[in-house]
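Please examine the sequence and the three-dimensional structure shown here before reading the explanation.

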Amino acid sequence: MGKSAVFILGAGALGSSGAEMLVRAGVGKVTIVDRDYVEWTNLHRQQLYTEQDVADRLPKAVCAERRLAAINRDVRISGIVADVTAENIQKLIAGHDVLLDATDNMETRLLANDAACKMGLPFFMGACVGSYGLTFPFGVQTEQPCLHCLLDTLPAQTMTCDTAGIISPAVVTTAARQVAGVLKYLTTGEMEPKLESADVWTGERSSIDVSGLKKRDCPSCSEHASYPFLTTGTSVRPAVLCGRDTVQLIWPGSRRVELPLFVQSVKKVVSNLVHNPYLVACEYHGHRVVLFRDGRMLVHGTKSIPTAKKIASELIG
Ligand SMILES: [Zn+2]
């Protein structure tokens, strides 16, 4: 296990919790990727972060790497600030032994499912909403179904955006089941194709054997797979972030931007400007705007793509 590499997709609630367990367990390498930064509303359930991280407006991947490195110096830890897309996911997950799903949206989860299927990487799905959590592991070189095979089977609440909030006990129990599955796989090579759910508020639990649900014509895991989420590109640009009242803008072919130059050009027209090596955050016409070094911009306080584009054009042309 000490030579194993785990890729964690997302450094939110499940990613924080799962990463800490894996690092304390002593896996060889952990890569954790996230596109967002730490906010006050994250602190009740995202256990790697502190009030100082919020004050410094630091990206989650940066804070996660620091905190995890302080927990166990023997683990190689890499925090990557990036939006995982059809264009970059295969390069990001190459060289890892398992993929731990800790994303907060189905679109990215299905993208990761396609990448895991194509690259033969065992996939440990996890999702949380409210007091409820769902897990499902699968190995693609087996007769087990993939996540795409189960789309008709998954409970509806895992398909929707995170608007209901999440309590931390649901996060911790879901992450614990995921990580137990990862540790079992890394030490014994075994995976159980079970869709397991638990509600920590009502005490309801279920465990469904889904081994018979593999679809012979699945576009993601069958013999003639087309990997639709990888080949069509699901990185809609721009995108309204589910449940966040936020629009994310990514420019085609975006590349690293010079944040100090951006600060110079906008400092007279914005307020509450915060600048660190990873991002610039500011207020502009009642909206909080965050520009990352990789060229992504988040416009908070709107679900309107035209409004977000107008703000972006006023600030960066
Ligand atoms: Zn499938």
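Predicted model: local features only at pLDDT ≥ 70, side-chain atom pairs only at ≥ 80, totals over all residues.

Residues are numbered from 1 along each chain as its sequence is written, and side-chain values use heavy atoms, with hydrogens and water left out. Helices (H or I, at least four residues) and strands (E, at least two) are DSSP runs, numbered from the N terminus.

Strands of a sheet pair through backbone hydrogen bonds, either parallel or antiparallel. Here, six strands form an open sheet with antiparallel pairing, in the order 9-10-14-13-12-11; two strands pair if DSSP finds at least two bridges between them. Strand 9 (239-241) and strand 11 (271-275) are the edge strands, each of which pairs on one side only. On average, neighbouring strands of this sheet are turned by 20 degrees against each other, direction ignored. Axes are lines fitted to C-alpha atoms, for helices over the stretch in contact, and angles run from 0 to 180 degrees between N-to-C directions. Strand 9 runs antiparallel to strand 10 (residues 246-249) and is joined to strand 10 by three bridges. Within this pair, V240 stands opposite V247 of strand 10.

Two helices lie across strands of the sheet. Helix 8 (residues 259-266) lies across strand 11, strand 12 (279-284), strand 13 (287-292) and strand 14 (297-300), and runs at about 165 degrees to strand 11. Helix 9 (residues 305-316) lies across strand 9, strand 10, strand 12, strand 13 and strand 14, at about 55 degrees to strand 10.

Elsewhere, the axes of helix 1 (residues 13-25) and helix 3 (residues 60-71) come within 9 Å and cross at roughly 30 degrees. Helix 1 and helix 3 are therefore roughly parallel to each other, a term for angles under 35 degrees. A19, E20, V23 and R24 of helix 1 make the contact (heavy atoms within 4.5 Å) with R67, L68 and I71 of helix 3. The residues of this contact divide into four nonpolar, no polar and three charged; Ala, Val, Leu, Ile, Met, Phe, Trp, Tyr, Cys and Pro count as nonpolar, Asp, Glu, Lys and Arg as charged, and the others, Gly among them, as polar.

Two residues remain to be described. R57, in the loop between helix 2 (51-55) and helix 3, has a positive phi of about 50 degrees although R57 is not a glycine. N272 lies in strand 11, and its phi is near 50 degrees, a positive value in a residue other than glycine. N272 is exposed, with a relative accessible area of 58%, where exposed means over 50% (1.4 Å probe, protein chains only).

Technical notes. Parallel < 35°, antiparallel > 145°, perpendicular 65-115°, else oblique. Buried < 20%, exposed > 50% of the residue type's maximum accessible area, 1.4 Å probe, protein only.
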